[in-house]
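Work through the exercises below with the sequence and the structure at hand. Each task is followed by a solution in steps.

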Amino acid sequence: MRLFVLLMLGLLSSPALAFDLADLQHRLGATQGLSGRFVQTRHLADLDTDLESRGHFTYQRGKRVVWALEQPVEDRQVFTPADARAADDAPGDTGSDRRRRQIAALLLNLLDGDWQALERRFSLTLSGDATAWQVALAPRQAALRERLAGVTLAGGRYVERLRLETADGDTLTVRFSDLQPLAGSDP
Amino acid sequence: MTRPAALGKHLARLWGLVLLAGVVSLAWQLRDGLPSDTRLTALLPQDRQNPLLERADARLGRAFEDRFVLLLDAPALPRATADLAERLSAADGGRLLTRLDWRDVDFADSDPAAVLGPYRYRLLTPSLRQAIEQDGGTSLVQPALARLFSPGGDPEPVADPFGLLDRWLAQQDDSPVSSWQGLLTVRDRDGTRRSLLIGRLADTPYAPSAQQALTRALRAFEAAHPDARLLHSGLIFHAAAGARQARHEITTIGLGAFLALIVILLAVFRSPRTLLALLLPLAGGLLVATPLTLALFGRLHLLTLAFGASLIGVAIDYALHLQCERAVQGRRFHLRPLLPGLALGLVSSLAAYLALALAPMPGLRQMALFAAAGLAGAWLTGVLWLPRLALPVHPATARIAARWWSLTTPRRTLAPGWLAVVALILLGVIAWRLTADDSLRLLNPSSSAQLAEERQVQSLLGRDTGSRYFLVTADDEPALLERLATLGQRLDTASADGLTIGYRNLADRVPPPRMQDANLAAVRRLYGEPLATLVERAGLPGSVIDKARATLDSVPRLDVATWLDAPAGTADRRLWLGPVTTDDGTTRLAATLVLNGVDSAAEGRRLAAIADALPGVRYVDRVARLSHLLGELRRHVSLWVGLALALLTAGLVLRYRRQAWRVVTPALGALLGTLAVYAIAGVPLNVFSQLGMLLVLGIGLDAGIFSAEHARRPATWLAVSLSTLTSVLAFGLLAFSATPALHYLGLTCLIGLTLVGLLVPWVRPAPPRIKERPHGEH
């Protein structure tokens with residue numbers, strides 16, 4: 001489900017899926033930096049329980065993404081292009097380090113607008129209008145479908161809500177609030 | 001005279017029937033094309049002492065045989081890669097490959113967690129085990145919490161609240177291959193990103209059709225993408241290059257030698273019909289040798305063919321002697337006086353070749369059989385048929401013989417005493433300076449550029465070549481895994497102490513049962529207080545604790561068979577040998593631990609010492625082992641040929657008495673001379689130069705015998721000169737081959753046969769009282 005992080009962060013400032021909604025594409029793609037708060041709710045179907053967490057994030061195009069959990073546990077994850085570059089040529093790495101770097105690499109590909117990668121894995125459907133749009137992503141590969149039922153994104157000016165459904169009935173919902181373009185980066 | 005003549009006629013007819021049978025069986029054997037073999041390693045001896053090693057070698061080698069790897073560096077990488085993949089998939093009407101992996105999704109079609117899920121509580125990474133040992137696992141609660149709430153995590157609060165399996169899988173995943181824009185890619189230290197394509201061939205890599213289809217597809221791709229650069233790895237590329245080189249050399253060296261041969265023979269005999277008649281014994285030889293070899297061995301080796309085609313040089317000898325004699329004697333020609341010399345010549349060459357057949361190398365045996373059968377066939381064809389053919393005799397032949405005789409006859413004769421002194425000096429030089437080289441490089445026809453490319457690909461992919469490994473045996477699976485694990489620990493200790501090697505150990509994938517039990521016990525500790533803390537802090541319902549603990553009630557042990565069946569474990573199948581019968585007849589289990597990055601002899605010694613200190617563990621350096629076998633073979637060949645030579649000399653002494661030295665000097669002198677040249681020039685001796693010596697020996701003995709049998713006859717000398725010259729053309733020119741094996745064979749023939757030609761005039765018997773007058777001279 002790491003793909004989820006990538007999806008989410010990528011779309012926060014996404015410079016266009018294969019949308020023909022050129023307006024949205026332009027608007028999302030123009031963002032050079034963004035910060036805000038998030039609330040994440042994970043519903044575990046077999047336990048019928050919700051796990052809720054909250055925190056804040058910052059994204060600077062071409063520099064870094066910081067995902068900071070505040071509650072119930074403090075945890076900060078930073079992805080930088082350096083991580084991505086180091087992804088394959090650090091032979092002394094432990095496996096988990098390397099995996100993390102691969103995530104960073106994929107993440108930054110997304111952020112830098114590599115939508116081909118996304119379209120290879122998902123078929124995209126767009127609905128709504130520029131002020132309230134929604135995109136549904138359905139996995140193309142059977143192997144991915146076995147784990148992931150689908151992803152939905154919704155928003156207006158920016159992405160506001162992201163919902164992910166796994167094949168076993170669990171869901172993950174992230175709501176964004178207080179979204180602010182970073183100073184000096186708005187067009 | 002009538003009875004022998006009638007007998008000769010019958011025999012000639014009978015021989016015709018034999019050759020006809022040869023034609024028929026050859027036609028039947030070749031109905032699907034020539035079953036040929038280009039693997040030079042097929043020449044190598046089977047290691048009779050250790051079939052287990054043979055099996056381990058074959059297992060480790062075969063894993064790569066039908067695969068090839070391409071690394072592509074191109075400006076628009078995704079598009080170029082897709083185009084290359086499409087061309088490869090479509091090659092040969094889609095029949096070239098059974099599988100091609102190049103998209104990241106090609107590797108994502110199976111979830112390792114699905115197979116390993118039930119075993120996860122018995123699989124702990126060393127760091128997790130250590131953490132639990134230190135504080136019962138309290139320090140693992142915080143990361144588990146973070147994982148539970150991280151958006152990227154895939155938390156399973158009941159099945160795996162601490163993410164044990166993820167950690168385990170992350171540790172197993174040591175591949176440098178990463179996914180990028182939907183491709184599989186690797187990057188080198190300079191940051192160049194290359195896409196990776198892995199193909200699996202439908203046919204063997206030696207199949208010419210597969211080689212050509214692949215080469216065509218790659219050429220077309222390179223033409224369409226001039227700025228793309230490909231790195232190749234895989235047996236098929238080496239096999240294709242070897243075949244291409246062989247074809248190239250056959251058309252240059254082979255054709256050149258053939259044309260020169262025809263020009264010379266035409267110049268001497270001035271008759272195309274005679275020329276054809278001279279080639280008749282060669283055809284007869286091939287018609288006997290090829291069907292017989294195919295029937296006995298099933299397929300012809302490339303080297304047998306090269307060697308066999310070179311049979312021209314020897315097979316034509318007999319025809320040359322007959323024809324020179326006939327040209328000079330004219331109507332006075334009779335076969336009978338020539339027969340003893342011809343028969344002795346055949347026997348000496350056969351003895352030399354059959355000595356080879358005693359060597360324990362399948363390839364050598366095939367060559368020896370091919371040469372011996374071909375020689376016998378050529379001899380019979382020459383003796384039975386040639387005298388019966390009415391061939392034009394041109395007076396120029398006799399004239400050339402006389403002129404050549406007077407031109408090359410030395411004014412003085414040679415005293416055997418001097419020869420002995422020179423021979424002793426040469427022996428001294430040889431003993432002092434001659435070295436031997438048994439490296440496998442001789443068997444490898446690939447260019448050094450190709451080998452460097454292969455190494456580059458292997459190191460980019462972090463793969464081993466399976467050439468250095470530990471062979472581990474034990475009575476049962478737990479004991480075997482235990483031994484592998486102990487060996488792994490020793491290697492880790494040595495690595496910490498400066499030994500820079502990598503390895504792949506089955507026991508890292510499937511821990512020994514004792515360790516799996518210990519891991520489960522550790523997980524039970526972790527599922528005590530730390531689990532309760534985690535559940536409480538995460539705000540999960542208390543029932544999660546009981547449910548999670550219940551998963552530990554009956555955890556199956558992971559065994560080797562399960563792991564090897566799992567998608568992630570297929571790559572390890574080559575490490576598993578399973579039940580094997582050892583030298584003492586007992587059945588044990590065996591596995592290998594494959595090493596990489598061993599690049600110095602000191603490291604090899606250190607690894608061997610590690611193996612020696614552990615029971616049931618043996619360090620194997622495949623290349624060194626094969627080199628050792630090659631050296632053994634070389635010594636075998638010298639021994640057998642030496643014995644054959646001693647026996648022959650004894651036989652020759654019986655016939656020629658005090659003149660025997662004249663018979664053996666051309667052959668022995670040429671051998672000593674060649675060895676001395678090698679010794680002085682610093683060219684090491686190898687098994688292929690020894691094969692060349694064998695040819696020099698055969699032709700040199702023929703020359704000596706004919707010179708002695710038909711003392712001072714210009715016709716004989718012309719025949720000897722022609723046969724030496726044709727042999728130099730046929731074999732000696734192989735010295736210019738780029739295939740190391742053929743190069744050394746050819747170089748030896750070039751030097752040795754030249755020496756034979758130079759020595760013969762000096763050892764002719766003393767002039768007889770009555771001067772013989774060649775026909776056509778006055």
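**Exercise 1: two helices side by side**

H25(B) and H27(B) are roughly parallel to each other. The model is a predicted one. Task: find the angle and the axis distance behind this description, and name residues that meet.

Step 1. Locate the helices: H25 of chain B spans residues 622-656, and H27 of chain B spans residues 687-709.
Step 2. Take the geometry: the helices pack at an angle of about 10°, and their axes are 10 Å apart.
Step 3. Compare with the cut-off: angles under 35 degrees count as roughly parallel, so H25(B) and H27(B) are given that description.
Step 4. List the contacts. From H25(B), the residues involved include Leu630(B), Leu633(B), Val637(B), Val641(B) and Tyr656(B). On the side of H27(B), they meet residues among which are Val687(B), Leu694(B), Leu697(B) and Ala708(B).

**Exercise 2: the buried side of a helix**

Task: state which residues of H21(B) are buried, why they lie on the same side, and what they pack against.

Step 1. Helix H21 of chain B covers residues 529-538, where Pro530(B), Leu531(B), Leu534(B), Val535(B) and Ala538(B) are buried.
Step 2. These residues cover an arc of only 130° around the axis, so they are on the same side of H21(B).
Step 3. In chain A, the buried residues of H21(B) pack against strand E2 (49-60). In chain B, they pack against helices H6 (141-149), H20 (513-526) and H22 (543-550).
Step 4. Just past the end of H21(B) comes Gly539(B), with a positive phi of about 80°.

**Exercise 3: a strand with two partners**

Task: describe how strand E2 of chain B is covered and paired.

Step 1. E2(B) runs over residues 67-73, and five of its seven residues are buried.
Step 2. One partner is strand E6(B), residues 193-201, joined to E2(B) antiparallel by six bridges. Here Leu71(B) stands opposite Leu196(B).
Step 3. Another partner is strand E7(B), residues 229-234, also antiparallel and joined by six bridges. In E7(B), Gly234(B) is the bridge partner of Phe68(B).

**Exercise 4: confidence**

Step 1. Where pLDDT is low, predicted coordinates should not be read in detail.
Step 2. For the complex, the predictor gives an ipTM of 0.73 and a pTM of 0.70.

How values were computed: Residues are numbered from 1 along each chain as its sequence is written. Chains are lettered from A and ligands numbered from 1 in the order in which they are written. This is a predicted model: local features need pLDDT of at least 70, side-chain atom pairs count only at pLDDT 80 or more; totals for chains, interfaces and linings use all residues. A residue is buried if 20 or more other C-beta atoms lie within 10 Å of its own, exposed if 12 or fewer, and partly exposed in between; C-beta atoms are placed from the backbone. Helices (H or I, at least four residues) and strands (E, at least two) are DSSP runs, numbered from the N terminus. The arc is that of the directions from the helix axis to the C-beta atoms. Two residues are in contact if their C-beta atoms, placed from the backbone, lie within 7 Å. Two strands pair if DSSP finds at least two bridges between them. Axes are lines fitted to C-alpha atoms, for helices over the stretch in contact, and angles run from 0 to 180 degrees between N-to-C directions. Angles under 35 degrees count as roughly parallel, over 145 as roughly antiparallel, 65 to 115 as roughly perpendicular and the rest as oblique.
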